[in-house]
2 protein chains.
Amino acid sequence: MVKVEIITIGDELLIGQVVDTNSSWMSQQLNKVGFDVQYKTTVGDVESDILDAFERAFSRVSVVLVTGGIGPTKDDITKHTLCRFFNARLVFDLQTLKTVENVMAGLHRDLNELTRNQAYVPDNCTVIQNKAGTAPVTWFERNGKILVSMPGVPYEMKAAMSNDIIPRLQAFFPVSAAILHRTFWVKNYSESLLSMQLETFECALPDFIKLAYLPTSGLIRLRLTGKSDNEESLAGEMQKQRDKLWNLLQNDIVSEADEDLEITLDKLLREKGLTLSVAESCTGGKLAGLFTAIPGCSRYFKGGVVSYSNEAKRDVLGVNFSDIEEHGAVSRPVVEQMAWGARKIFHSDCSIATTGIAGPDGGTPGKPVGTVWIAVSYNDKLHAQKFHFSQNRESNILRACNTGMQLLLEIIFSHQ
Amino acid sequence: MVKVEIITIGDELLIGQVVDTNSSWMSQQLNKVGFDVQYKTTVGDVESDILDAFERAFSRVSVVLVTGGIGPTKDDITKHTLCRFFNARLVFDLQTLKTVENVMAGLHRDLNELTRNQAYVPDNCTVIQNKAGTAPVTWFERNGKILVSMPGVPYEMKAAMSNDIIPRLQAFFPVSAAILHRTFWVKNYSESLLSMQLETFECALPDFIKLAYLPTSGLIRLRLTGKSDNEESLAGEMQKQRDKLWNLLQNDIVSEADEDLEITLDKLLREKGLTLSVAESCTGGKLAGLFTAIPGCSRYFKGGVVSYSNEAKRDVLGVNFSDIEEHGAVSRPVVEQMAWGARKIFHSDCSIATTGIAGPDGGTPGKPVGTVWIAVSYNDKLHAQKFHFSQNRESNILRACNTGMQLLLEIIFSHQ
C-alpha cells in the first residue's frame with residue numbers, strides 16, 4: 001500500500017479565510033486507485049514550516065502532494081522553498097513559457113512580467129504543463145519517493161491530478177494493493193443504536209476490514225473499508241460482509257451508492273426519463289443547488305421556486321392562502337400544495353417540497369425550531385411527512401435536503 | 001502571540017468522505033481574539049498516529065485543539081488515546097451522565113449502553129459539559145500548555161468553542177498581542193496585474209504587516225494582516241496602510257468588509273429596509289442558498305425562481321418566448337426580463353438574475369462555456385452585463401453569484 005501525505009500551504013487556510021475542499025477530492029481520487037492518504041498537514045507561507053513539513057512527510061510516506069503557494073505574487077514562496085529543499089536553482093523554461101502564453105491568451109489577457117516569471121522552474125524536476133493556469137506543476141523524485149507541487153486553485157489542481165499526476169503515480173508505483181469501500185445510507189437509527197445492533201457483526205469482521213459510522217444530515221452513512229494485497233479475495237470478502245449487513249438492516253438501507261444522494265437521484269431520473277422540480281421554503285435554494293451543481297442536470301431538472309414568503313407560496317406556487325392562515329406555513333396542507341404547485345408550473349414528473357423552521361429564531365411551543373414538513377410526489381402519488389430535526393440552522397437545511405431526496409428515492413422505488 | 005495547532009482525527013477525512021469545514025471556522029474565531037493558528041494536522045483513527053500528532057503539537061505550540069473521534073462507536077478511539085498520552089484512567093462522572101441524559105431527552109431518545117458510556121472521562125482533565133451532544137469536551141493541562149478534545153460534529157464543536165473553550169483560553173493566556181486583518185474586495189484586476197500595481201506599496205510595508213492575495217470567484221480578496229504586541233499602535237499603522245491602498249485602488253474596491261458578499265448585502269438590505277428576490281438559471285439556486293443560509297434573511301429575502309428550462313423562464317418569470325427564440329436563453333433581453341420578472345412575482349425592491357453556460361457542455365462558438373449574462377435591478381434602475389468566466393462549472397456558478405452580488409451592491413450605492 002503506497003502511503004501519501006497531502007500538504008496544503010497558505011496563510012489563508014490558517015486564518016480560516018478559505019475552506020480546504022481540495023484535499024478531500026484528492027483523497028477520493030487517490031483511494032480509488034489504491035493509494036492511501038495517511039496524513040494531511042497545513043502550514044502557512046513560512047519557509048521553515050514548509051521545509052519542516054517536507055522533511056517530515058518524506059520520512060513517513062512515499063508520495064507527498066503539495067498544493068498552494070505557487071501564484072505569481074510575492075506572498076507565494078513554495079517554488080523557492082522547493083529549490084532550497086531539493087538543492088535546485090531556477091531556470092527559464094521555454095515550453096512552460098509557451099503554456100503560460102496560451103493560458104493568458106485564453107483569458108484574453110497579455111503576458112506581464114509576473115506571469116512571465118512563472119516560466120522559471122527548478123532545474124532538477126519534471127515540469128508538468130498546467131493547461132488551466134499559469135503556475136507550472138513540478139514533479140520531484142528522491143530515493144524512490146515523489147513530491148509533486150501543484151496549484152491550490154481547485155479546477156487547476158483537479159485537471160493536473162486527473163490528467164497527469166495520477167497516471168504518473170500509477171506508472172511509478174505499480175500498485176499491487178487494493179482499497180475497497182462499501183457504503184450504506186441507513187435511516188431510522190441513531191449512531192449508538194445502530195452500533196449496538198451491529199455489535200456482533202462488527203466483532204466478527206476480519207482484521208483487514210473496518211467499519212465506520214458517519215452520522216450526518218438525518219441519515220447515517222456506514223462504511224466498510226477493506227485493504228489487502230489480493231484484490232480478488234478482498235472483493236469476495238467485502239461482498240460477503242455486505243450481504244451480512246444487508247440481512248441485518250435491509251429495510252433501513254436507503255442506498256448503497258458511495259456518493260451523495262443527489263448523484264444517486266441524478267442517475268435514477270436520467271435512467272427512467274423522469275423530470276424533477278422543487279419547491280423550497282426552509283431549504284432556501286440549497287436543494288436546487290445540489291442538483292444544478294451536477295453537469296447535464298438540465299436533462300431532467302426543470303426548475304424550482306424558493307418561496308420564502310407566504311405571498312410567494314400563494315402567488316407563485318398556488319398554495320391556498322386560507323390553508324396558510326389556518327394551519328400555518330409549516331403544515332401538511334401547505335407542503336402538499338407546494339409539491340403539486342411545483343409539478344404544475346414546471347410540468348415535471350416528480351417534485352420535492354420543504355417547509356420548516358430552520359432557526360435559530362421563529363420557533364413556537366407548538367412548532368419548535370427544527371420542525372420541518374417535507375412532501376414528495378411522483379406521477380399521481382404524494383407522500384408528506386413531518387420531521388423534528390435540530391436546533392441548528394445549517395444542519396436543519398442539510399437534513400431537510402437529504403431527507404427530501406431519500407423520500408423521493410423511496411416513492412420512486414416503491415411504485416415502479 | 002499564543003501559537004495554536006488544530007488536529008482533526010478521522011478516517012473519513014483521509015479518504016475524502018467529509019470536507020473539513022470545522023478548522024477554518026475555528027481559525028477565524030481564534031484569530032479574532034489574538035490566537036495564532038500555525039499548523040493543522042489530520043490523522044486517521046490510528047493510535048500511533050494520534051499519539052505522534054499530540055507529541056509533535058506539544059513540542060511546537062501552546063494550545064492544541066483536537067476534533068473528532070469521540071463518538072460512542074467502536075471506531076472512535078480518541079478518548080482512550082488521550083488516556084494513554086496523559087497517563088489517565090477513565091472514571092464514571094455523574095455530572096456528565098446528567099448532561100448526556102438531558103441531551104438524549106431533548107432528542108426524544110432513551111439512554112442506551114453506548115451513550116451511557118460517554119460519561120466515562122479521563123481522571124486528570126477538566127470536563128466541559130457538551131450541551132449539544134453526548135460526547136464530553138475534555139481540557140488537559142501540561143507544563144503550561146493546553147490540549148482540548150471536542151466533537152467533530154460542527155454545531156457541537158461551535159457551541160463548545162464559543163461558550164467554553166475560547167473564554168477559558170483567554171483566561172489562561174492573558175494575551176498581550178494583537179492580530180488585525182483588513183480585507184478588500186477588488187474588481188477589474190488579475191492577480192498579477194494587481195500585484196504589479198501594488199509593488200511599491202507592498203515593498204514599503206513594515207515588517208509586521210503582510211499583504212496576501214486570494215484570487216477567487218471573479219474578484220480578488222486582498223488581505224493586510226498585522227501582528228504586534230501593541231494593539232493600539234498596530235491599529236494606527238493598519239489604518240495608515242489601508243488609506244494608502246484605498247488611494248491606489250479606490251474605484252476598484254467593491255467592499256472592505258471581511259466577510260462574504262452575501263453578508264455585506266444582508267446588512268445593507270436590512271439597514272435600508274429593501275427586499276430582494278432572485279431569478280437564477282446558471283446559478284441554479286446557489287444564489288438563493290447563500291442568502292437563506294443567513295439567519296433572519298426572511299426579513300428581506302422574498303424568494304427566487306430557478307428557471308432551468310425555457311418554459312420556466314416564460315411561464316414562471318414571464319420572459320417573452322420570442323426573445324428566447326431570437327436571442328437565445330443566454331442574452332441581454334432574457335436576463336433583463338428575468339430580473340424584472342422576479343421583482344414582479346415576489347414584489348421585491350431589488351433583484352439579481354443570472355443566465356449562462358456553466359459547462360462543461362452546452363457551449364457554442366458564439367457563446368462558449370463561461371458566457372454569463374447577469375442583471376441587477378433596484379427601484380426603477382436596471383443594469384445588465386455580459387461576462388466571460390472559465391471552463392469550470394463550479395467556478396462559473398460561484399463567479400456568477402459573486403458578480404451578481406457585486407453588481408447589486410454597486411447599483412444600490414450609486415443610486416442612494
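This is a predicted model: local features need pLDDT of at least 70, side-chain atom pairs count only at pLDDT 80 or more; totals for chains, interfaces and linings use all residues.
Trainee: What makes strand 14 of chain A and strand 14 of chain B a pair?

Mentor: Two strands pair if DSSP finds at least two bridges between them. Strand 14 (residues 301-307) of chain A and its counterpart in chain B have 5 bridges, in the antiparallel sense, so they meet the cut-off. One place to look is A:Gly303, which stands opposite B:Ser307.

Trainee: Which strands does that sheet hold, and in what order?

Mentor: It's an open sheet of 10 strands, ordered 17(A)-16(A)-15(A)-13(A)-14(A)-14(B)-13(B)-15(B)-16(B)-17(B), with mixed pairing.

Trainee: Why is strand 17 of chain A called an edge strand?

Mentor: Strand 17 (381-388) of chain A pairs on one side only, and so does strand 17 (381-388) of chain B. From one strand to the next, the twist averages 10 degrees; axes are lines fitted to C-alpha atoms (for helices, over the stretch in contact), and angles run from 0 to 180 degrees between N-to-C directions. Helix 15 (residues 332-346) of chain A lies across strands 13, 14, 15, 16 and 17 of chain A, at about 40 degrees to strand 16.

Trainee: What makes strand 15 of chain B "largely enclosed"?

Mentor: A residue is buried if 20 or more other C-beta atoms, placed from the backbone, lie within 10 Å of its own, exposed if 12 or fewer, and partly exposed in between. In strand 15 (residues 350-356) of chain B, 7 of the 7 residues are buried, so the rest of the structure largely encloses it. B:Cys350, B:Ile352, B:Thr354 and B:Gly356 point one way, B:Ser351, B:Ala353 and B:Thr355 the other, and all are buried. In a regular strand, side chains alternate between the two faces of the sheet.

Trainee: Which strands flank strand 15 of chain B?

Mentor: Strand 13 (residues 276-280) of chain B joins it through 5 parallel bridges, with B:Glu280 opposite B:Thr354. Strand 16 (residues 371-378) of chain B joins it through 7 bridges and runs antiparallel; there B:Ala353 stands opposite B:Ala375.

Trainee: Why is A:Glu202 called partly exposed?

Mentor: A:Glu202 has 16 other C-beta atoms within 10 Å, so it lands in the in-between class. A:Glu202 sits in helix 9 (residues 199-203) of chain A. Leaving out residues up to four places away in sequence, A:Glu202 touches A:Leu211 and B:Lys74; contact means C-beta atoms, placed from the backbone, within 7 Å.

Trainee: How do you know that strand 1 of chain A is mostly covered?

Mentor: In strand 1 (residues 2-9) of chain A, 7 of its 8 residues are buried. Strand 1 of chain A runs parallel to strand 2 (residues 35-43) of chain A, with 8 bridges, and parallel to strand 3 (residues 63-67) of chain A, with 5 bridges. A:Ile7 stands opposite A:Thr41 in strand 2, while the bridge partner of A:Glu5 in strand 3 is A:Val64.

Trainee: What makes a set of residues a nonpolar core?

Mentor: It takes buried Ala, Val, Leu, Ile, Met, Phe, Trp, Tyr and Cys residues joined through C-beta atoms within 7 Å. The largest such core has 106 residues, and A:Val64 and B:Val64 are among those with the most contacts inside it. Apart from it lies another core, of 105 residues, among them A:Val316 and B:Val305.

Notes
Residues are numbered from 1 along each chain as its sequence is written. Chains are lettered from A and ligands numbered from 1 in the order in which they are written. Helices (H or I, at least four residues) and strands (E, at least two) are DSSP runs, numbered from the N terminus. Two residues are in contact if their C-beta atoms, placed from the backbone, lie within 7 Å.
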